[in-house]
Amino acid sequence: MHKTIGVLAHVDAGKTSFSEQLLFHTNSIQARGRVDHQDTFLDNHELERQRGITIFAEQGRMTIGNDTYTLIDTPGHVDFSPEMERAIRVMDYAIIVISAVEGVQGHTETVWQLLRKYHVPTFFFINKIDREGADVEAVMTQLQKDCSEDVLLVDEPLRSDYVANHIMEWLAERDEQLLDAFLNETLDSFNCLTHIQAMIKQEMAFLCFTGSALKDTGIKEFISQLPLLSETLFNNNVTFQGEVFKIRHDGHQRLTFMKALQGTLRVRDEFSFGDLTEKVTEIRLYNGNRYETVQEVEAGEIFAVKGLSLANIGDIIGSATNPQLYELVPTLQAKVQYAGDQHIKEVLKIFRMLEAEEPSLRVLWHEKFQEIHVHIMGVIQLEVLAEVLHKRFSLVVSFGEPQILYMETIATTVTGYGHFEPLKHYAEAHLLMEPNNRGAGITFVNACHADDLSVGNQRLIEKHVFEREHHGLLTGFPVTDIRFTLLTGRAHIKHTEGGDFREATFRALRQGLEQAENILLEPYYRFKLKAPSDFIGRMMTDIQQASGTFDAPILTENDVILTGRAPVATFMSYSTTFAAYTNGKGVLSLQFDGYDVCHNTEEVIAQIGYDKNADPDYTSSSIFCAKGKGYSVPWQEVEAAMHCIK
């Protein structure tokens, strides 16, 4: 049986040490490394060892009984959380490691919410129980309050012939049949284990174990119970499908990492990407930075292939379904500052390679200014990115001060008209533009009749709506949350050529924006603040000054919990302030909560200074033709000049 299990945690909870012990006790490695000794097996990148943190999600392979496990060690720092999320998508089970001293921390809650979003059955391991200040009981109380009431402490190992009485009682409280058997003293261990396994799978039970990874206590006991508590079912007798979750480069050769969701993959199997077909030329099973080549892999396995250069992270190979969007997205962008000898376009190629490995970078190229911009989660990511560029490509770069990523949308319904008719060209498009639900993004509906415009040209217009992010009028940042409906269009049997509908579509979109009421959006955090009750006044004041809102406070005997929303721009550095005035006793959890109306629109517009009439990529006017010459019609007059019947 193939099982993929991930290890996740807030930074410094002992996650990598825990992973080292699992690999050692299953004979996957011969010696245990330590983070402080810079010799851990899965943190094998030089940058990880220098910084003492996990940056890249790496996998090890281990065998327990008849089961083969792929163990994925994930980053614990928030700046590298997109890497963690991509790994979560291919996990069958997850282990959240929590420090018995610090307890549930901010990033712990982010991890928990992601695991629930992707429905990954989850175990907890309370680590560092040997440390001064460790309090397992307090951590259990936190878990049952902040995560789930169904967190169960396993303080005696579960076996096929033994389940502790208090665990039987816990199960009986949640199932009437088990309750009857428990009261009649006929509830046996095998029946209990079967129910526990099912409840874990259904996310109705979250078992918690304790120990110390550094002192090697509790690890063997956890390993012995893992096969009893986890189960996977995969089908090898259907067409192959695999989800791409990581891309790396071995020299100049691209490695595509994926998990086989179903079926069997063999060397020389072919896959189509649009009009192109590519062939798998090699399959690798990785254990750390070592690997073995195989001729085929089965459903449930994690592996890397060579030969696929067109597959992107998130793609489901062998399926026509669109990949599911990721939850964690960057809210900052930074300008690349480069003064070396290489041409900037060569530098751009290198950034494109890194973007394939880390798609959240969203590398932007500004042709007019010959500038590269990248999207980022935080400043530590920029530091690591600069080091990667230097070590891998001998490229010395720096980055400008990170800026907030704004977006724009519309508040009114309009129809945008675009016409492109210079000499020997012709295309016209009418697009109804309506406000979409917040967070829905750009959607498209086709209401155009084939008698007005051929199906092929209709598809061209749809393609051009989605082919790039489109600049808004207020700041030039991308527009979002707009529902486009193609009403009608027009082509010429002789003069319409390839890029004509691209021009008409962009002009229609821009002309519609000119008519609409435009709104500036900014990213927001959903926050959770927990601190001693003495600080409630300061917390509320800070949130209000940050243009945030909060729900009714939750008061306990000693603490207060505040939840709410605040702009990223005003709250992204608050953790330092919060830790200082609570003397480190406060817990702050931040999660990206989508975009909403900007709290200081006029100030941001003035600061950015975008000139909508000087944007080289967009114009609101249309081009018409008369007497063999093209002429420009300003956006206010375009509707009256349209050729299609309105």
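A polar contact is a pair of N or O atoms within 3.5 Å; within protein, one atom must be able to donate a hydrogen and the other to accept it, and residues adjacent in sequence count only if both atoms are side-chain atoms. By this criterion the side chains of E203 and H119 are joined by a polar contact of 2.9 Å. The model is a predicted one, in which local features need pLDDT of at least 70 and side-chain atom pairs count only at pLDDT 80 or more, while totals for chains, interfaces and linings use all residues. Residues are numbered from 1 along each chain as its sequence is written, and side-chain values use heavy atoms, with hydrogens and water left out.

Helices (H or I, at least four residues) and strands (E, at least two) are DSSP runs, numbered from the N terminus. In these terms, E203 occupies the loop between α8 (189–201) and β7 (206–210). E203 counts as buried because its relative accessibility is 19%. Contact here means heavy atoms within 4.5 Å. With neighbours within four places in sequence left aside, E203 is in contact with L115, R116, H119 and V120.

Strand β7 belongs to an open sheet of seven strands, ordered β2-β3-β1-β4-β5-β7-β6 and mixed in its pairing. The edges are held by β2 (58–64) and β6 (151–153); each has a single partner strand, so one side of each is left without a neighbour in the sheet. From one strand to the next the twist averages 25°. Strands of a sheet pair through backbone hydrogen bonds, either parallel or antiparallel; two strands are taken as paired if DSSP finds at least two bridges between them. Within this sheet, β1 (residues 2–9) and β3 (residues 67–73) pair in the parallel sense over six bridges, and H2 stands opposite T68 in β3. Helix α1 (residues 15–25) lies across β1, β2, β3, β4 (93–99) and β5 (122–127), and runs at about 160° to β3. Such angles run from 0 to 180 degrees between N-to-C directions, with axes fitted as lines to C-alpha atoms, for helices over the stretch in contact.

The loop between α1 and α2 (46–51) contains N27, whose phi is near 65°, a positive value in a residue other than glycine. N27 is classed as exposed because its relative accessible area is 65%.

A second open sheet has six strands in the order β14-β13-β16-β9-β8-β17, with antiparallel pairing. Here β14 (290–294) and β17 (316–317) stand at the edges with a single partner strand each, so one side of each has no neighbour in the sheet. Strand β13 (residues 282–287) runs antiparallel to β14 and is joined to β14 by five bridges; the bridge partner of L285 in β14 is E292. Helix α10 (residues 344–357) packs on this sheet, touching β8 (241–250) and β9, and its direction makes about 145° with that of β8.

Salt bridges connect several of these elements. A salt bridge is a side-chain nitrogen of Lys or Arg within 4 Å of a carboxyl oxygen of Asp or Glu, and the structure holds 37 of them. One joins the side chains of K259 and D92 at 2.5 Å, N to O. This pair links distant parts of the chain, 167 residues apart: K259 is in strand β9 (residues 253–262), and D92 is in the loop between α3 (81–88) and β4. K259 is buried at a relative accessible area of 4%, and D92 is buried at 11%.

Another salt bridge pairs K528 with E109, with the closest N and O atoms 3.4 Å apart. K528 lies in strand β28 (residues 518–532) and E109 in helix α4 (residues 106–117), so the pair ties together parts that are 419 residues apart in sequence. Both K528 and E109 are buried.

In helix α13 (residues 500–515), 13 of the 16 residues are buried. The side chains of R507 and E503 meet in a salt bridge of 3.2 Å, N to O; because these residues are four apart in α13, about one helical turn separates them. R507 is buried, with a relative accessible area of 10%, whereas E503 is partly exposed, at 30%.

Finally, R438, D481, R565, D593 and D596 are linked in a network of salt bridges. D481 is found in the loop between α12 (455–466) and β27 (482–491), and has a phi near 55°, a positive value in a residue other than glycine. At 2% relative accessibility, D481 is buried.

Terms used:
Buried means under 20% relative accessible area, exposed over 50%, partly exposed in between (1.4 Å probe, protein chains only).
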